[in-house]
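This briefing concerns the fold of a single chain.

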Amino acid sequence: MPRSLASFGPFHVDWISWAPTVGNGILKTLEFTFASFVGAVLAGLLLALMRESPVAPLRWLARIYTEIFKNLPLLTEIFLVYFGLASLGVRLSVFEAGCLSLIVFYAAYLSEIFRGGLQSIAAGQREAAHALGLSEREVLTRVVVPQAVRLVLPATTTMLVDMLKSTSLLITISAAELMTVGQLIASTSFRAMEVYLVIGIIYFAMCYPLSMASLWLERRLKAGTPLSPRRRRLIGDVRLAMAGTPGRIA
Amino acid sequence: MSAGQAEPGTVTGRRAAPEDTAVVRVEKLVKCFGSNRVLDGIDLDIAKGEVVSLMGQSGGGKTTLLRCINLLEEPTEGVVEVGGEVVSKDGESLHRARRVQLRQRVGMVFQSFNLFQHLTAAENVALPLLRVGKVERAEAVRRAVDLLGRVGLADKALELPSRLSGGQQQRVAIARALALRPVAMLFDEPTSALDPESSAEVLAVMRELSTEGITMLVSTHEVGFALDASDRIVFINRGKVVQAGPPREVVFGSASERAREFFAGFVRYGKNAN
């Protein structure tokens, strides 16, 4: 039976003609991921700062938010935002609803990560900055946040990769992202194994470089490589000044 | 000058009475943590260029006294003046902007170094110059490398703190505290976390500073340093000054029984060594 034998071999779907559709799906997935990640990082940072606020109601509010949205399944949140809000008359586009549910969900997780980062900056670092006469804002922007960023970077990029994968749940609201495209191809070609294998490989090909890039960034930060142009210039100046000053032994 | 004359918020740089030449002036200072009276009426004047060693048992209030001077702790009662300016009086301390200004004029070195871990040695020293001193980048860098040279670490300018030994980190911390040319330097047990060799490096730098006319208040357990590098030892026990005077007098001929007990080990060792 040559036909059934052939159906076990690879690539029987006409991927060439599907390529533009798949391309659009990838683009949509990346759009959802990028927009939601930026939103979730900002919201998570705000929540983390609220959790550390001296104003008690702000702390409670952030706490309640975090506990609620951390403990609801993402799919439930997607349905609440898209179908639930619509039933109350708030009609969001698929893109808005998709991003909003991802933001609401991941902001809760990211706020926990950020709070941990802020808390693990030793009190001595803040004290030394205060003792030097840095203002409250400079203590935060020059000393606490740069160190916290280095600490939370690995966990945050893990969340980014996780979020990229979670956009596949948006298939339930037909978000036209990669997974939705995959389902469309599978239902017209009847080759579920091949289609979802290829879709899986595409997800992997997007996530793996992200994970690798975050490891690379982590190593660079640990080695003290300056990332901002301002620091690079400063360090360049130090090099010049060192060349002009022979090391003196005390 | 009586404490009543000065109000919090008095303008800096005032030189009214000759007694005002004290760079740091502490009067009847009390600090309570809850019901615990850590400082119990401390009086202390430090003249310009004077090097004072604060000694006494751990937990006796030395660190708290230093931290009350640059307002890392809020004094509960009493008066603290720095450079003629009242920074705290009767539990009222300077606020925000003026507190920041005070700290710019007082350098502090911590037991645990507290170098900014994400910045190189040179950046640690340059940070206050750039952010607080508003010095131009090239000039800040020049001064930072210069200061590192003064503590013998010009060649380590581009190292991260994690790659420096404890003694080297503390010397960078000293350079950082000196960057804004403070009127007084506070050292909070600067060698307590160091091995003897590293301690010696740090103490050598501090000895050099003491000869350069820098006003220093040093909380320390290093009797040797206190004896030969300081002008005066102030012995603190349970939040009170129990003995103060020339180093040899306090170490070898203290009238206070508590101070005699404290120095007994050193004195006995010193006699054996001779």
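The model is a predicted one. Chain B comprises nine helices and eleven strands.

**Dimensions and contacts**

- The radius of gyration of chain B is 19 Å, which agrees with the value near 19 Å that a compact globule of 274 residues would have.
- Along the principal axes, the C-alpha atoms of chain B fill a box of roughly 55 × 50 × 35 Å.
- Of the contacts in chain B with a separation of 6 or more, 62% are between residues 24 or more positions apart.

**The six-stranded sheet**

- Six strands of chain B form an open sheet in the order 7-8-9-3-10-11, and the pairing is mixed.
- The edges are taken by strand 7 (106-109) and strand 11 (240-245) of chain B; each has a single partner strand, so one side of each is left without a neighbour in the sheet.
- On average, neighbouring strands of this sheet are turned by 20° against each other, direction ignored.

**Strand pairing and helix packing**

- Strand 8 (residues 184-188) and strand 9 (residues 216-219) of chain B run parallel and are joined by four bridges.
- Met185(B) stands opposite Met216(B), which belongs to strand 9 of chain B.
- Helix 5 (residues 166-178) of chain B packs on the sheet and touches strand 7 and strand 8 of chain B.
- The direction of helix 5 of chain B makes about 170° with that of strand 7 of chain B.

Notes:
Residues numbered from 1 in each chain as written. Chains lettered and ligands numbered in written order. Predicted model: local features only at pLDDT ≥ 70, side-chain atom pairs only at ≥ 80, totals over all residues. Helix = DSSP H or I, 4+ residues; strand = E, 2+ residues; numbered from the N terminus. Rg over C-alpha atoms; globule rule 2.2 N^0.38 Å. Contact = placed C-beta atoms within 7 Å. Pairing = 2+ DSSP bridges. Axes fitted to C-alpha atoms, helices over the stretch in contact; angles between N-to-C directions.
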